[in-house]
Amino acid sequence: MKEFAVFWGCTIQTRFPFIEKSTRIVLESFKLPYRDIDGFTCCPEKSLVNNIDHGAFVVTAARNVALVDELDYDLVSPCTGCVSNLATVKGELKANPREKAEVNKLLKEVGREFKGTSKLQHLVPFFHDTVGVHAIKQKIKKDFSGMRIGIHYGCHMIRPSHALRNDDPLEPKKFDTLISALGAQSLQFMTKMMCCGQGLDRIDEHDRALHFARIKLKELKSLGCDAMVLCCPSCFLQFDNNQFLMEKEGEKFGIPVIYFTELLGLAMGYKPEELGMDLHRVDCTPFVKKWEALSTRPPREDAIEDGLNAPVDL
Amino acid sequence: MLEATLNFKLLEQCSKCGACFSICPSCMHIPGYDPRAVIQDILDGNHDKWLSSRHIWQCLECHHCLEICYQHYGFENAMTALRTIAAKKGIHPTQVKRGWEMFVKTSRLGEPALPARKKLGLPEPKASGAEEFKKLFALLKAAREKQENPEGKGSE
């Protein structure tokens, strides 16, 4: 496997270092050739930077990609936004040689060159395509049989598809495949592909952001979902933090929000605290307790056998 | 140089289609949000009236419209163009302003949480590319100025 740099992004390192923790734990456990490299900046975040200055968006992303190009590494990120933004610019520059030349003229003055040779992947498709379901299954100590999981893909894991090219952009399957490989049931639900709506919090529309979170959480609650699983810090903020804020005001959902790396870590035998799950705003204990209770149940054959072998009392 | 653009030919088609309206989360959940009206106004030369509207910022950039669009274009491009014009006029949301200022100043949207990292046993964060980024950003600005004013008139 080719060496790859991890692009942590601003949100994880600023707000959720425990996501970095669980990501490092699973990367180490799989003995994957990941590297930390100097020189990254913000990816940059599209809704802030691209809306104000497209040129700044392009040169910043191109410079970040140039850093991995130079080292001949690939890039993997546990943040959907980062990968999507970097890949969007990579795609734009590859399709537009004139623009690429303009960008490289600027980059040359700081000693860089954008080539666009490195593969840019989000962690979930990376685990699906590069690590593989088979290797993941071999690492599982205790699976999630009997647990009902609502996956939230996160728009930018799979879109824009022309830049990311990793799954069906409207009916993706890879995250589902990974969750099924861990033994859990991936629920199919109406709002599964709905955007989290966290962007509304960034334009001073907090109540509307809560409204978007509420729609999905309500449906998951009605379906008896044990946890929402996702792999995007922005979506995590929306469903963990904003759910917590709504619960404080008396709206009860009780849907733990679990990062993909945390779920994987649990299956591999790590404790919730080792993975930093005690740092979530919404308590993950009900999920862990139910999971533990299920795994201490006697084998299903035994219960049937007991019934069949019971003394006749007619 | 490296400015956002808008393709009117593709937008003409958008005004006759509207497939995106059925899949856009903001269309579904925000009353009055209807980019078909925005596109029509852009085509009629009346984009100005949307510059101070909340709606142009309520596009979540989820790219659903792009994926369902048979031109693979999507009205998000129209919204991005309007947001860019609005931001240049200074009529953008406070948090967007703040975020942009922090980005330009530090090259990031926040600094690594050091005490929490230590507690979690995480390694020292790697050096950021802030200095090089600042240089690059200045180069971009200079290149644009040069393009607008090739003779160097009016500048030093």
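Mentor: Domain bounds come from an automatic or database domain assignment. The model is predicted: local features need pLDDT of at least 70, side-chain atom pairs count only at pLDDT 80 or more, and totals for chains, interfaces and linings use all residues. Residues are numbered from 1 along each chain as its sequence is written, chains are lettered from A and ligands numbered from 1 in the order in which they are written, and side-chain values use heavy atoms, without hydrogens and water.

Trainee: What distance separates the centres of domain 1 and domain 2 of chain B?

Mentor: The assignment gives domain 1 as 2–88 and domain 2 as 94–148. Taken over C-alpha atoms, their centres are separated by 29 Å.

Trainee: How are the rings of Phe127(A) and Phe260(A) arranged: stacked or edge-to-face?

Mentor: Rings of Phe, Tyr and Trp (its six-membered ring) pair if their centres lie within 6.5 Å; planes under 30 degrees apart count as stacked, over 60 as edge-to-face and the rest as tilted. The structure holds 17 aromatic pairs over all chains. In Phe127(A) and Phe260(A) the centres are 5.8 Å apart and the planes at 75°, so the pair is edge-to-face.

Trainee: Which ring does the charged end of Arg36(B) sit over?

Mentor: A charge sits over a ring if NZ of Lys or CZ of Arg is within 6 Å of the ring centre and within 35 degrees of the ring normal. In chain A, Lys142(A) lies over the face of Trp291(A), at 4.3 Å from the ring centre. For Arg36(B), the distance to the ring centre is 3.7 Å, and the ring is that of Phe21(B).
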